[in-house]
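Keep the viewer open as you read.

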Amino acid sequence: MEAPPEQPSVHMVVESQPSESVPMVVESQPSESVPMVVESQQPPKKSSLNKYALACALLASTSSVLLGYDIGVMSGAVLYITDELHISKVEVEILVGSLNVFSLVGSLASGKTSDSIGRRYTIVLAAATFLIGALLMGFAPSFPFLMAGRVIAGIGVGYSLMIAPVYTAELSPAMTRGFLTSLPEVFIVFGILLGYISNYALAGLPPKINWRLMLGIAAVPAIAIGIGIFGMPESPRWLVMKGRLSQAKQILIRTSGGDETEAELRLSEIISDASANSSSEWSGQGVWKELVRSLCGPSNPVRRMLIAAIGMNFFMQASGNDAVVYYSPAVFQNAGIQDRKHLVGVTVLMGLAKTTFVLVSALFLDRYGRRVLLLVGSIGMALSLGGLGLGSKYLEGSDEKPVWAIAVCVAAVCADVSFFSIGLGPITWVYSSEIFPTRLRAQGTSLAISVNRLVSGLVSMTFLSFAEAITFGGMFFVFSGVMVLASIFFYYFIPETKGKSLEEIVTLFEDDKSKINHLST
């Protein structure tokens, strides 16, 4: 009796990685020994930046270009407006600062509006309001007519400043939220650069035409924004608050790269956070009372959120950044640059510096976190403003206006706006829109940005008067001192939020101080 034939040997090679599924690939060849190779294959790695979320964030953030363009273009247009309309220095301050003051109205109204009609249609409303204001300014025959356009445009700016970062924060995955939510500041800076370029390009036209074109051209991006927004989805968190869960889930699937498991997890977190208030009838009722009660009452998480958000928005504008940008031609003129074409040309250089460094900040915000870049930017601004104060003081006491001293002032201004673009510029919008719970987010952010707009208006409307009283150098020393205080505030009151979901961030402001301190480092 013969022994049964020997079976082919089977060699198994298994490669696996912990915690991952191990798909098996079996290769066989007939009539030969069959090595069975089981190889672990990692699932395709998801892109760290979801393209759908990026596209939506870019569209929403485009509305911020309107404020940036106005800041940049007004710095040059006001030179020609003063010549043609013969307005006084006080009227110049009112003209420049009025947009910021009346943007306070839009900021205050935007929270309740976006809770009622949704984030997407609030962006449309912002663009439409600014469009009307831009047309009024472009065709203004007199100072009162021009002021009417500034008031209406300001309300539109107030809406856009609140809604763009809130919408983006609510739509973005946690790991890229810092980059995506900083895009509004990128577009503000890009708008400033466009305003400077517009000034330089149109400066050679007759004075009756050039400033009107400078201001009226802003209607073009407003129209484009209003049309583009209709291709965007609604915020999934707003949809959850309205009880429209299936729609919210579909949007979350797309922002999760098609991963239904991740989308379900994100949806469950949002529902848990919003469950007490979720209803088709919900439109933000009672939120203002809760915010005011929390702010005026004993220490609690919402109060700490408000202190952090309001404090950051206050210091953003108390730093004098908007005033330096608005009045940069006057600052450089005082430094010794008299030719108007050269004045406008230097502002273009300043705009390039801002644009470069805001992009740097946006790209590294999710890697290094909010606190590190915020502190680097604030300390850098304090030093730059101190240097600008010293340079200005030297030139004020010098009859010759040496070129090296002028160059120092130009470099110090560029350094100041660059450090602003690294820290306070983008991070204020990111932080303000991500720290509040869903039911409070729109109106909490609205309150913080209202403080931003109020301080911006006050600084813009008084900068020239105070500079006349204590000199430009004195003003820059004051701003430098403000940034020293800001750096101290940020160190003690701003916990790190990098990489956390919006629902997880709420826990950073709970009563366990040791936990907060640990997470702040």
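**A walk through the model**

With a relative accessibility of 65%, H86 counts as exposed, because the cut-off for that label is over 50%. In the model, which is a predicted one, H86 sits in the loop that links α2 (65-85) to α3 (89-117). What makes H86 worth a click is its backbone: phi is positive, about 55 degrees, even though the residue is not a glycine. For context, most residues other than glycine have a negative phi.

There's another residue of this kind to look at. T471 also isn't a glycine, and its phi is positive at about 75 degrees. This one is found in a helix, namely α21. T471 has a relative accessibility of 26%, so it counts as partly exposed, the label for values between 20% and 50%.

While you're on α21, have a look at S480, which belongs to that helix too. S480 has a relative accessible area of 11%, and it is buried because that falls under the 20% cut-off. Leaving aside residues up to four places away in sequence, S480 touches A382, L385 and G386.

Now zoom out to how helices pack. Two packed helices are described by the angle between their axes and the distance between the axes. Take α14 (residues 301-318) and α21 (residues 438-493): their axes come within 4 Å and cross at roughly 30 degrees. The two helices are therefore roughly parallel to each other, as angles under 35 degrees count that way. By residue class, the contact between α14 and α21 has 26 nonpolar, 5 polar and 1 charged residues.

For another pair, go to α17 (residues 340-368) and α18 (residues 370-396), whose axes come within 7 Å and cross at roughly 130 degrees. That angle makes α17 oblique to α18. On the α17 side the contact is made by S361, F364, L365, D366 and Y368, and on the α18 side by R370, V372 and L373. Sorted by class, this contact has 5 nonpolar, 1 polar and 2 charged residues.

Spanning residues 183-202, α7 has 20 residues and reaches 28 Å from its first C-alpha to its last, close to the 28 Å expected at 1.5 Å a residue. The helix is also mostly covered, with 15 of its 20 residues buried.

Stepping back to the whole protein, the secondary structure comes to 23 helices and 2 strands. Of the 521 residues, 56% are buried. Among contacts with a separation of 6 or more, 81% are between residues 24 or more positions apart.

Finally, how far does the predictor trust all this? The mean pLDDT of the protein is 81, and 86% of the residues reach 70 or more. Among the elements, helix α14 has the highest mean pLDDT, at 93, while strand β2 (residues 36-38) has the lowest, at 38. Over residues 1-47 the pLDDT is below 50, and beyond near neighbours in sequence this stretch has 42 contacts in the model. Residues 513-521 also stay under 50, and here the model has 14 contacts beyond four places in sequence.

Methods
Residues numbered from 1 in each chain as written. Predicted model: local features only at pLDDT ≥ 70, side-chain atom pairs only at ≥ 80, totals over all residues. Heavy atoms only, no water. pLDDT = per-residue confidence, 0-100. Contact = heavy atoms within 4.5 Å. Axes fitted to C-alpha atoms, helices over the stretch in contact; angles between N-to-C directions. Parallel < 35°, antiparallel > 145°, perpendicular 65-115°, else oblique. Nonpolar A, V, L, I, M, F, W, Y, C, P; charged D, E, K, R; others polar. Buried < 20%, exposed > 50% of the residue type's maximum accessible area, 1.4 Å probe, protein only. Expected span 1.5 Å × (residues − 1).
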